[in-house]
Amino acid sequence: MESRNWGGNYRYRARALHLPTSVAELQRLVVSCRRLRAIGSRHSFNAIGDGAELVNLDELPGELTIARDIDRGTGTVSVPSHLRYGALADRLAAEGLALANLASLPHISVAGAVATGTHGSGVANGNLATAVAALELVRADGEVARLSRGEPDFDGAVVALGALGVVTRVVLDVQPAYDISQHVYEGLAWDALFDHFDAIFSAAYSVSVFLRWGERTDQVWLKRRAEDPAAPEDLFGAHPAPVDRHPIAGLDPVNCTPQLGRPGLWLDRLPHFRMGFTPSSGEEIQSEYHLPRERAVEAIDALRHVHAPLRELIQVTELRAIAADTLWLSPQYGRDTVAIHFTWAPDQAAVERALAEIEAILIPLGARPHWGKLFLARAADFVDGYERLGDFSALVRRFDPDGKFGNQWLEDHVFGAE
Ligand SMILES: Cc1cc2nc3c(=O)[nH]c(=O)nc-3n(C[C@H](O)[C@H](O)[C@H](O)COP(=O)(O)OP(=O)(O)OC[C@H]3O[C@@H](n4cnc5c(N)ncnc54)[C@H](O)[C@@H]3O)c2cc1C
């Protein structure tokens with residue numbers, strides 16, 4: 001394993017990386033270590049996954065056995081937690097099944113994505129963690145615990161930031177496979193975005209707006225299911241792109257999923273980037289803030305007026321909508337959300353200066369940062385914090401009384417608010 005994260009902006013300090021080949025070996029490891037953090041595919045942009053010692057589950061068996069793991073009666077699939085969404089999607093598609101949503105890239109592990117509340121877009125779509133029906137994890141005492149939806153601890157154990165134990169299996173909701181067609185519109189004016197914000201984000205199953213804080217927005221990506229309204233010829237003044245586009249205007253769309261309304265299976269359209277290709281720009285740092293949907297226009301408009309000194313650093317901004325949920329540490333807990341995402345040039349010090357300015361605007365409006373991306377705010381700063389944080393802390397103390405799975409990042413950014 002590389003000692004850096006995918007973005008290259010964080011070097012792990014852990015002195016050991018363990019790669020158990022069975023759950024029994026993992027259980028023995030957990031008992032024998034004083035401090036241990038699980039690490040997934042290392043796509044987070046901060047120290048959330050670091051610790052004194054790390055464990056990665058990539059050497060555990062990773063196959064899906066259709067007869068054993070897919071339950072068509074309950075509409076679920078049980079997956080090894082280290083599986084990448086891309087591999088999982090291929091297996092499900094071969095069985096005529098689908099997930100409700102995907103993130104913009106298929107390269108991330110299921111456990112890592114779920115642990116940080118990773119999301120796609122869609123006003124009616126929850127984040128990826130909301131598809132979890134049950135999970136199994138190795139607790140600090142080495143015992144395997146299984147938690148299922150509806151049980152008292154479950155809502156605290158899904159978006160758990162690695163703090164409860166090492167997740168080994170995840171049971172996910174599935175549905176019959178469906179097609180998506182993708183249309184890209186260009187040149188949406190700011191006024192049109194603000195005046196028709198809800199209509200634009202409700203125009204398709206999944207909607208993303210890309211912009212670089214210029215005279216107007218850059219692109220609107222509509223990902224439509226068959227039952228969605230027809231793709232409009234004109235989207236509030238924005239026009240269909242004549243050829244496939246990359247979300248970062250000017251980059252070659254060769255690594256992007258097909259557009260121009262050509263229908264394809266869900267897994268070939270929901271991510272912006274194709275498996276096997278570099279997602280996004282490849283040289284970047286990312287940050288993202290989740291606003292209550294009713295404050296989104298105000299927040300975006302406020303950012304427009306401070307953008308000038310930041311413009312050089314921002315490769316692209318993406319706006320997405322995510323539905324409210326009940327998972328205690330989910331950035332969408334209790335509120336429909338609009339996520340404002342920044343793909344930054346890879347200059348950590350300059351990005352941190354920009355983040356100070358951005359957070360001064362967004363945190364007072366109720367922003368909650370994406371747990372897996374770069375942010376500065378400490379938990380105590382979140383004005384619209386996590387009302388179940390106390391319950392989460394109690395759950396962590398019960399599962400892990402000696403703080404085996406803790407790290408400094410959690411102390412600084414999560415538990416510090418208590
Ligand atoms: C190019 C790119 C595009 C992205 N696009 C999106 C996007 O569209 N939407 C979005 O919301 N996010 C996006 N992200 C962020 C990404 O989804 C999150 O950082 C996610 O956590 C990455 O998963 P991972 O497996 O790499 O996790 P890691 O970074 O390896 O770990 C993240 C957390 O998960 C925990 N964890 C990992 N495995 C386990 C386990 N087995 N048991 C318990 N805890 C575990 C770790 O302890 C840590 O706390 C993107 C990131 C990149 C680099």
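This is a predicted model: local features need pLDDT of at least 70, side-chain atom pairs count only at pLDDT 80 or more; totals for chains, interfaces and linings use all residues.
1. The buried residues of α3 pack against several elements: the strands β4 (70-71), β5 (76-80), β6 (97-98) and β9 (166-173), along with helix α4 (110-115).

2. Which residues of α3 are buried? Across residues 85-94, they are Y85, G86, L88, A89 and L92. Looking down the axis of α3, you will find these buried residues within an arc of 160°, so they line one face of the helix. Just past the end of α3, have a look at G96, whose phi is positive at about 75°.

3. Now to the interior. In soluble globular proteins, nonpolar side chains tend to be buried together. Here the largest nonpolar core has 115 residues, and W266 and W371 have the most contacts inside it. Helix α9 gives this core its largest share, seven residues. A second, separate core holds 12 residues, including L36, L60, A140 and F405.

4. W371 deserves a click in your viewer. Neighbours within four places in sequence aside, its contacts include N46, I48, T116, V159, L161, L329 and P331. Also among them are F382, Y386, W409, H413 and V414.

5. Last, the largest pocket, with about 380 Å³ of space. Its lining has 20 residues, and the closest to the pocket centre are Y10, R13, N46, A47 and W409. Two of these, N46 and W409, are also in contact with W371.

6. What does the lining of the largest pocket consist of? Nine of its residues are nonpolar, seven polar and four charged.

Methods
Residues are numbered from 1 along each chain as its sequence is written. Side-chain values use heavy atoms; hydrogens and water are left out. On a 1 Å grid over the protein atoms alone, a cavity is a set of points where a 1.4 Å probe fits but cannot get out, and a pocket is an open set with protein on both sides within 12 Å along at least five of seven lines; lining residues have an atom within 4 Å of a point. Grid points are joined across faces, edges and corners, and a volume is the space filled by probe spheres set on the points. Ala, Val, Leu, Ile, Met, Phe, Trp, Tyr, Cys and Pro count as nonpolar, Asp, Glu, Lys and Arg as charged, and the others, Gly among them, as polar. Buried means under 20% relative accessible area, exposed over 50%, partly exposed in between (1.4 Å probe, protein chains only). Helices (H or I, at least four residues) and strands (E, at least two) are DSSP runs, numbered from the N terminus. The arc is that of the directions from the helix axis to the C-beta atoms. Contact means heavy atoms within 4.5 Å. A nonpolar core is a set of buried Ala, Val, Leu, Ile, Met, Phe, Trp, Tyr and Cys residues joined through side-chain atoms within 4.5 Å.
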